[in-house]
Amino acid sequence: MSKHNESQDPGDVSAATPPKPSRRRFLQSAAAAATVGAAPHLRAQTQTPTAPPAQVQQAVPPRPVTLTVNGRAYTLQLEPRVTLLDALREYAGLMGTKKGCDRGQCGACTVLADGRRINSCLTLAVMHEGESITTVEGLAANGALSPMQRAFIEHDAFQCGYCTPGQLCSATALLNEFRNGTASTVTADVRNRPAQLSDDEIRERMSGNICRCGAYANIVAAVRAVHEGGGQNSGGNNPNV
Ligand code: FES
Ligand code: FES
């Protein structure tokens with residue numbers, strides 16, 4: 001009888017004792033347990049999250065909106081989401097106001113609403129019923145360019161001209177704001193408005209209007225010239241500016 005068979009003797013108590021686990025069996029068991037434990041997590045990772053059901057947006061139909069632009073009433077059929085810029089260009093046919101960034105960064109779309117300069121790409125047309133809107137087409141009056149328009153030509157304050165309508169509207173409002181005592185962030189003493197606009201003041205107050213051609217020096221010169229010339233009614237004969 002072999003030595004192995006001797007250890008299987010029923011009378012031998014040591015035969016009923018489970019074999020001592022080896023290091024290999026321990027590692028195999030641990031790996032299996034880890035795999036089972038990780039399975040739900042792996043399944044969760046690979047499952048594509050279900051998108052919430054799409055909301056069906058009800059279209060809001062166009063309705064008549066009356067805008068007063070350069071002294072003329074335009075009744076336009078507009079959805080409420082239409083910006084003032086798109087209403088002017090695409091619906092009223094006033095293409096002088098330019099679309100640059102369409103997000104309030106370049107100033108190309110600047111127009112005047114009741115004399116206050118605004119970015120028309122950032123506001124809805126329906127919000128301006130009852131206001132007097134002035135675009136670049138409205139700065140000249142009775143066939144005569146406004147002082148600011150003439151100064152831009154005399155000082156060569158543009159190259160491609162794309163930013164120029166916004167620059168003109170902004171510069172026109174700038175002089176009115178200064179005349180009314182509005183301070184800027186470079187005004188040294190907001191309690192005592194300086195008598196004259198410095199170039200720093202002009203640059204700061206025109207900083208919302210970007211010129212990709214870099215005509216800034218000549219734009220400042222044009223604004224300064226109108227300011228030093230009195231700057232009265234820089235919107236020409238138009239009573240709205
Ligand atoms: S188009 Fe409105 S700020 Fe640029
Ligand atoms: S003149 Fe070209 S962007 Fe100003």
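Figure 1. The structure shown is a predicted model. For the protein as a whole, the mean pLDDT is 85, and 76% of the residues reach 70 or more.

**Figure 2. The hairpin of strands β1 and β2.** Strand β1 (residues 63-69) and strand β2 (residues 72-78) run antiparallel and are joined by 7 bridges. At one of these positions, Val69 has Arg72 of β2 as its bridge partner. The hairpin has 2 residues between its strands, and Asn70 in the turn shows a positive phi of about 55 degrees.

**Figure 3. The pairing of strand β1 with strand β5.** Strand β5 (residues 132-134) runs parallel to β1, and 2 bridges join the two strands. Here Val69 stands opposite Ile133 of β5, while in β2 the bridge partner of Val69 is Arg72.

**Figure 4. The crossing of helices α4 and α5.** Helix α4 (residues 147-154) and helix α5 (residues 164-179) have axes that come within 10 Å and cross at roughly 125 degrees. The two helices are therefore oblique to each other. The crossing in which α4 passes α5 is right-handed.

**Figure 5. The residues in the contact of α4 with α5.** Helix α4 contributes Met148, Gln149 and Phe152, and helix α5 contributes Thr164, Gln167, Leu168, Ala171, Thr172 and Leu175. By class, the residues of this contact comprise 5 nonpolar and 4 polar, with no charged residue.

Notes
Residues numbered from 1 in each chain as written. Chains lettered and ligands numbered in written order. Predicted model: local features only at pLDDT ≥ 70, side-chain atom pairs only at ≥ 80, totals over all residues. Heavy atoms only, no water. Axes fitted to C-alpha atoms, helices over the stretch in contact; angles between N-to-C directions. Helix = DSSP H or I, 4+ residues; strand = E, 2+ residues; numbered from the N terminus. Parallel < 35°, antiparallel > 145°, perpendicular 65-115°, else oblique. Left-handed = near helix turned anticlockwise from the far one by under 90°. Contact = heavy atoms within 4.5 Å. Nonpolar A, V, L, I, M, F, W, Y, C, P; charged D, E, K, R; others polar. pLDDT = per-residue confidence, 0-100. Pairing = 2+ DSSP bridges.
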